[in-house]
Amino acid sequence: MGSGAPAVCAKHAPCSSFLSTLRHSSQRPISFFFRLSGLALWLSSILGVCLLLLSFLALPRSSELFGGPVRVEKRRWESLTLQEAVGSIARNGTVIVCVVSQPYLPFLSNWLGSVGKYERREQVLVIAEDYGTLYAVNEKWPGHAVIVPPVLPLGPAHRFGSQGFFNFTSRRPRHLLQLLRLGYSVLYNDVDMVWLKDPFPFFKGNYDIYLTDDMVDVKPHNHSHELPAPGKKGRTYICSCMLFLRPTPGAKLILRKWIEELQAQPWSPKARANDQPAFNWALNKSASQVNSYLLPQYAFPSGGLYFKNETWREETKGKHAIVHNNYITGFEKKIKRFHEHNLWFVDDHPFSSPLLDFRLREK
């Protein structure tokens with residue numbers, strides 16, 4: 001330092017100032033009083049800052065502090081029951097149902113885009129198979145998704161024939177049976193379908209269950225509405241992915257038998273079962289007790305017929321109600337085929353679906 005005075009450490013500066021005040025206090029009592037008051041104010045300020053910091057550290061983390069309402073909203077959807085959900089959505093005792101896990105959200109968005117064109121979207125109830133789907137749907141479309149315990153673990157999309165696919169699809173008849181027991185008519189759709197007409201005018205009469213044939217062989221326009229004859233495997237080939245059911249004893253019987261068949265034919269690496277053969281066995285074994293109606297093929301074609309038979313597609317143009325994108329596996333392949341036939345509505349009809357920002361996950 002330039003002068004001979006000893007240097008005062010910065011951290012001792014307040015104490016040095018205080019001692020200097022004491023030395024001159026007898027000569028300047030009033031000055032001492034004001035200086036002491038200033039010191040007390042300074043110390044109080046420091047103490048206040050420390051207390052403020054301590055109280056801040058005691059608060060929840062920012063994600064908890066600012067995520068509180070989100071957590072409350074999530075608990076609300078987690079506690080929503082199937083009875084509560086369907087009660088607020090059904091119209092005239094009828095609900096449209098799909099069962100979805102998170103990897104299928106892009107298809108849900110596309111399917112809803114097609115349903116929305118016929119003013120039926122508000123009748124749709126999404127049964128979520130995982131919490132990610134439950135939160136995602138209800139965030140954008142409150143009250144339209146419900147979860148039915150037990151909840152499946154979230155995982156990648158399951159390939160057709162895998163055990164994961166079997167576990168996912170085998171829960172379907174239980175969901176449908178619950179809804180019928182609550183007294184509702186149910187239109188069930190897989191979400192790899194699109195609507196090209198309102199299907200409800202086709203559900204005429206008072207049948208227990210309305211069905212679609214999953215075969216590719218062309219039927220005459222005026223084909224029989226009776227259950228087809230069993231095929232080579234001893235059972236029919238009715239699609240379990242598009243069903244309209246009324247809350248009748250016959251429809252409930254079919255669903256109970258379907259559940260029993262699934263329990264009797266569990267998945268194994270050798271069998272690689274899926275839910276559709278079990279549904280057909282149940283249908284065939286209880287056919288005499290159930291009043292069923294086979295829907296017209298021209299309105300409800302399988303993917304093997306609609307996408308692979310161009311001649312038939314052109315001859316029946318304008319008559320199709322619901323098209324199923326089956327007879328093909330893989331998300332990318334299904335989306336590509338939808339695009340090729342102008343049936344991928346996510347990009348072209350931005351106001352038809354409430355879930356348009358879902359996209360296929362990157363691999």
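**Exercises on a predicted model**

Arg76 counts as partly exposed because its relative accessibility is 47%. (Buried means under 20% relative accessible area, exposed over 50%, partly exposed in between, with a 1.4 Å probe and protein chains only.) The model is predicted: local features need pLDDT of at least 70, side-chain atom pairs count only at pLDDT 80 or more, and totals for chains, interfaces and linings use all residues. Residues are numbered from 1 along each chain as its sequence is written, and side-chain values use heavy atoms, with hydrogens and water left out.

**Exercise 1.** Place Arg76 in the fold.

*Solution.* Start with the helix: Arg76 lies in α3 (residues 62–79). Helices (H or I, at least four residues) and strands (E, at least two) are DSSP runs, numbered from the N terminus. Next, take Gly143, 67 residues apart from Arg76 along the chain. The C-alpha atoms of the two are separated by 9.7 Å.

**Exercise 2.** Work out the strand order of the open sheet, then find its edges.

*Solution.* Step one: the seven strands run β3-β2-β1-β4-β7-β6-β8, with mixed pairing. Two strands pair if DSSP finds at least two bridges between them. Step two: β3 (145–147) and β8 (292–294) each have a single partner strand, so one side of each lacks a neighbour in the sheet. Step three: look at β6 and β7, which pair in the antiparallel sense over two bridges. Here Tyr210 stands opposite Phe244 in β7.
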